[in-house]
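Subject: Structure for your files, with notes

Hello,

Here is the structure I said I would pass on. My notes on the ligand site, the helix packing and the backbone follow below it.

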Amino acid sequence: MSRVSVDLHGKVAFITGGGSGIGRSLALQMALDGAAVTVTDLDEARAIAVAGEIEAAGGQALGLRLDVRDAEAAGEAVAAALARFGQIDFLFANAGVLGPAEYLDITPADWDLSLDVNIKGVVHTCRAVVPHMMERRQGRILITASYNGVRAGSHVIPYRVTKAATIMYARCLALVLAPYGVTVNALCPGVTLTPMQVSYAEQTAAQRGISTDAYLEERLVGIPMHEFTGLADITGLAEFLVSDSARLITGQAIAPDGGVMTSS
Ligand SMILES: NC(=O)c1ccc[n+]([C@@H]2O[C@H](COP(=O)([O-])OP(=O)(O)OC[C@H]3O[C@@H](n4cnc5c(N)ncnc54)[C@H](O)[C@@H]3O)[C@@H](O)[C@H]2O)c1
């Protein structure tokens with residue numbers, strides 16, 4: 001199978017939620033393509049472990065704890081990344097939380113968590129990096145949203161609502177940054193079997209008294225192309241969006257999801 005190939009030597013990426021799943025894959029792919037990477041995560045040990053993987057493979061990386069709910073901490077992490085690498089070319093505002101599935105189980109604290117991490121966390125992270133990108137008049141921002149930000153449903157409502165907000169935020173920020181040559185897009189992965197998705201599948205299957213495999217089979221039926229999204233489907237799209245070929249693509253919500261978002 002052919003793949004997009006980009007040379008990112010001399011570029012620098014900054015990633016939130018980079019310690020696991022999609023963020024970890026984005027960090028490793030950017031590094032494989034030659035970029036230096038600041039890997040941040042709420043879980044410091046995971047961020048440091050991913051940075052260690054990159055360094056062990058001969059790349060350059062910095063692993064830091066960053067709770068994206070804390071705007072001041074976002075500024076400090078960006079300052080640390082700039083002190084180490086001198087620039088940030090690509091921002092992946094990727095950290096996110098899923099929350100309870102059932103409407104009656106959702107507490108005010110669950111709403112706060114989804115709002116604080118999924119939308120305000122994205123806002124804080126972007127705000128910390130944007131002045132630097134404006135000054136350099138270059139940069140790419142990729143916000144990890146979700147097909148659930150477009151698709152209505154009776155489950156995971158705080159997740160859907162906050163992911164919808166990130167898509168609108170990406171569109172608005174794209175207009176702020178267009179005069180500076182900086183692009184902003186929302187990545188909308190389909191169902192991807194990361195730790196977040198697997199634990200949701202296990203919990204839901206247990207509640208319904210079916211096996212996780214049976215539950216995942218049901219999910220597959222709902223995907224028009226009958227395939228889960230692979231991590232390489234997301235990293236391949238990200239490689240394209242940070243490449244020169246994508247310089248005029250901005251304000252878009254792009255879904256490597258086998259048609260789920262379109263089928264809503
Ligand atoms: N897995 C899917 O099917 C799927 C589909 C669409 C979108 N997404 C989105 O992709 C992104 C990554 O999710 P994933 O599937 O890789 O999940 P994951 O649970 O494997 O990784 C999420 C990471 O975010 C970190 N995190 C959580 N709260 C944080 C905070 N306050 N500050 C900083 N980091 C924090 C976690 O520690 C974890 O390392 C999320 O925004 C998620 O909503 C996932």
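A polar side-chain atom of K163 lies 2.8 Å from an oxygen atom of the ligand, a polar contact in the sense used here (a pair of N or O atoms within 3.5 Å; within protein, one must be able to donate a hydrogen and the other to accept it, and residues adjacent in sequence count only if both atoms are side-chain atoms). The protein covers 94% of the 820 Å² of accessible area that the ligand has on its own; such areas come from the Shrake-Rupley method with a 1.4 Å probe, and for residues only the protein chains shown count as cover.

Please note that this is a predicted model, in which local features need pLDDT of at least 70 and side-chain atom pairs count only at pLDDT 80 or more, while totals for chains, interfaces and linings use all residues. Residues are numbered from 1 along each chain as its sequence is written, and side-chain values use heavy atoms, with hydrogens and water left out.

Ligand site

In total, 29 residues surround the ligand, and S20, D41, Y159, T194 and Q197 are the closest; a residue is counted if one of its heavy atoms lies within 4 Å.

By class, this shell has 13 nonpolar, 11 polar and five charged residues. Here Ala, Val, Leu, Ile, Met, Phe, Trp, Tyr, Cys and Pro count as nonpolar, Asp, Glu, Lys and Arg as charged, and the others, Gly among them, as polar. Helix 6 gives the largest share of the shell, three residues. Helices (H or I, at least four residues) and strands (E, at least two) are DSSP runs, numbered from the N terminus.

Helix packing

Helix 1 packs against helix 2 (residues 44–56) at an angle of about 20 degrees, with the axes 10 Å apart. Helix 1 is therefore roughly parallel to helix 2. Axes are lines fitted to C-alpha atoms, for helices over the stretch in contact, and angles run from 0 to 180 degrees between N-to-C directions. Angles under 35 degrees count as roughly parallel, over 145 as roughly antiparallel, 65 to 115 as roughly perpendicular and the rest as oblique.

Helix 1 also packs against helix 8 (residues 231–242), at about 50 degrees and with the axes 9 Å apart, so helix 1 is oblique to helix 8.

For helix 3 (residues 71–85) and helix 4, the axes come within 8 Å and cross at roughly 40 degrees; this pair is therefore oblique too.

Backbone

R137 is not a glycine but has a positive phi of about 55 degrees. R137 sits in the loop between helix 4 (108–136) and strand 5 (139–144). V156, in the loop between strand 5 and helix 5, also has a positive phi, near 40 degrees.

Regards
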